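Here are my notes from going through this model with you.

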Amino acid sequence: MKKFLTSVLLCTTLLGAGTLRADNILLSTKNSSLLVTADKGKAPLFQYFGPSLASIDDVFNSGAAFNDPVYPQFGVQCSRETAIQATHNDGSMSLELVVESVSREQRDGGEVTAIATKDKYYPFYVTVYYKTYPDNDVIETWTEIRHLEKKPVTLYRFASAFLPVRRGDNWLTHFHGPWGAEAYLYEEPLTDGMRIIKDKDGVRNTHSSCPSFMITLDGRPDEQTGGVIGGTLAWSGNYRIAIDNDNTHTTRIFAGINEDQSQYVLEPKEVFTTPVFAFTYSNEGKGGVSRNFHRWARLHRISHGTAQRDILLNSWEGVSMKVNQEVMDQMMSDFSGLGGEMFVMDDGWFGDKYPRNDGSSSLGDWVVCKEKLPKGIEGLIASAKEKGLKFGIWIEPEMTNSRSELFEKHPDWVIQQPHREMYKGRGGTQLVLDLSNPEVQEFVYGVVDNLMTAHPEIAYIKWDANMSLFNYGSTYLPRDKQSHLYIEYHRGMEKVLERIRAKYPDLVMQACASGGGRINYGFMPYFDEFWTSDNTDAMQRIFIQWGVSNFFPAVAMASHVSVDVNYQTGRRTPLKLRFDVAMSGRMGMELQPAHMTDEDKAFARRAIADYKKIRPVVQQGDLYRLISPFDKSGYASLMYVTPEKERAAYFVYKMEQYHNMPTPAFKMAGLDPQKTYLVKELTVVGKPIPQDGKQFTGAFLMETGLDFTVGGEHASRVLELKEVK
Ligand code: DGJ
């Protein structure tokens, strides 16, 4: 019984000490193992998660076994943090879950192991699921909670997952940032006490913290080396990730929906399914964890994750809400001349009684504004077609303004509370629709369905959301279930999105929420990409994209070249830098091309052509982050390498310039040491680097690296590497 390298093994094993331990369940990905003990009639125990095990005996014989409950309950052992807490019909607050059965099945490309438990006394059931995939190293876990008591049971805690991590020199990497500065990276040692990462916005859950984190197992975080566990909660609503260090040999992590103000009244037989918590282990440092998540996301968690993305021009920063047929035509025509592939008309195109000219009206009135667009959407689509472009459109379907026909007709559809004046958002009038209400769900679905039925040629939808859930209260939910709103809002949304995806499987959709307010894996199964940030300043984007790249792949990271001077920061940067930064993600543009000089247009044409050369490498390759902008060395660099390691794309940015500044050797990573690569510089302005057109072995590029001058402050270089056969 020594080797356990298959995907999942349910086994009975004899331990070294001679004790019979029944039903050790080993889940294995290619490079990691998770071990649970599930003896019938006993509490299921989480024993191990980390590097692949050759023998489960090692876990028990070494003392490394956690022996922690798989899903800690409040009740008998009530002095610790818990994953679940419920109050039964008789008022008892206690749970004691024991194993009923363990099963496994193949589902949607993976293998699902289910550990079914039941309370020792009450008809209360929790099933803990783990899903592994043969093609990647991420494990998904979630739970289903139900009961057969006579009356509802109230849930006060309902985490998606509990994950113990062995105590050591553990460091936490997490991401936090508001509008315009999303996903700033923070790293700190995990000390004793509780560390909570949470969000309570209600609508956009990544404009404070992000529901993703990494924990090192053996010292300071490093990009290339060291054992690291990473986790992310796939939920679009309020979340809470609690990391508890109580001076034992275990750090205990609880991840799930934020239960604050969200106690859940669970009816008999109703099944409460928690969102997925996805986690992974890598011994290749933070970079390894990122690559694991990227692979999982592209293959299983992002809509069309392996499809090539178009290069698009979005109208927002170019013309704001001043859209009209003429300007749209001109933008399309110019962009087509630059080699673009898709045009997206942003905010400002709709509203009949109340034309949308600023943020104070019209959301909900999804009919074209005839004054601005007399030829309607069909006129725009025809124009796009003529110019060889696809056409996309902006909507914000979860929202309305008090100045709108929708609100006049359905004032009860907005989230609101009795006896109080409504707090309104953007434009002093914006309100959030109550997605817990099936009528509202139908309406929101209809926004997309009506557009797509009338204009099946629409290839892309940018779905925006620009308000928090204020005025907490629902006219739809009953009195005793008002506390469900934060959850039902997102369940309602999921229902809508599932219907949209079922009917329009090919539609490309972008999740935007005042920029990067919705960069989460709860949304991504329905969306192809996210708008990373409203901050398009290339210098800040280097930081934002670095942070976001820790958990999300480039194929989903919309990154647009915008105008100089930058609207958000007022900073000036060269057009080359703006392109070179956008090229490290899903590149697009967001400016009025009519304002570009001929010289800028010529460069843009060249840069777009260059991006097309490396697009498959960037969008589907493995990411290696090399020099962190957060290290403040004056440089930042990263690269993508195809899984076959025959092509790569390398980016370096000069963050600042001062006299006598040391230049690092630009070392690479992820290449095949045995292969020889031809280096070619792209988007060249002035002289290319001396190594342009020369060949180097992968070993040399990774061990010694290239010496060249990037240029002054805000200069940048992009290199393409191709294997010489
Ligand atoms: C916020 C988004 O983040 C922007 O990109 C733009 O679409 C505006 N909303 C439009 O109102």
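1. Domain 1 and domain 3 bury about 650 Å² between them, with 47% of that on carbon and sulfur atoms. Buried area here is the accessible area (1.4 Å probe) that two parts lose on being put together, summed over both. On the domain 1 side, Glu223, Gln224 and Arg291 lose the most area to domain 3, together 55% of what that side buries.

2. Keep in mind that this is a predicted model: local features need pLDDT of at least 70, side-chain atom pairs count only at pLDDT 80 or more, and totals for chains, interfaces and linings use all residues. Residues are numbered from 1 along each chain as its sequence is written, and side-chain values use heavy atoms, leaving out hydrogens and water.

3. Where do the domains sit in the chain? Domain 1 covers 2–301, domain 2 covers 312–531 and domain 3 covers 624–723; these bounds come from an automatic or database domain assignment. The centres of domain 1 and domain 3, taken over C-alpha atoms, are 39 Å apart. Their contact (heavy atoms within 4.5 Å) takes eight residues from domain 1 and six residues from domain 3.

4. Now look at helix H4 (residues 325–338) and helix H5 (residues 376–386), which pack at about 20° with their axes 10 Å apart. Helices are DSSP runs (H or I, at least four residues) and strands likewise (E, at least two), numbered from the N terminus. Axes are lines fitted to C-alpha atoms, for helices over the stretch in contact, and angles run from 0 to 180 degrees between N-to-C directions. Gln325, Met328, Asp329 and Met332 of H4 make the contact with Gly376, Gly379, Leu380, Ser383 and Ala384 of H5.

5. H4 also packs against helix H11 (residues 598–620), at an angle of about 60° and with the axes 8 Å apart. That makes H4 and H11 oblique to each other. Asp334, Phe335, Gly337 and Leu338 of H4 meet Lys601, Ala604, Arg605 and Ile608 of H11.

6. Two backbone spots deserve a look. Most residues other than glycine have a negative phi, and most peptide bonds are trans. A cis peptide bond joins Asp564 and Val565, with omega about 10°, and Val565 is in the loop between strand S31 (557–561) and helix H10 (575–582). His304 has a positive phi, near 50°, and lies in the loop between helix H2 (285–301) and strand S23 (312–314).

Methods: Angles under 35 degrees count as roughly parallel, over 145 as roughly antiparallel, 65 to 115 as roughly perpendicular and the rest as oblique.
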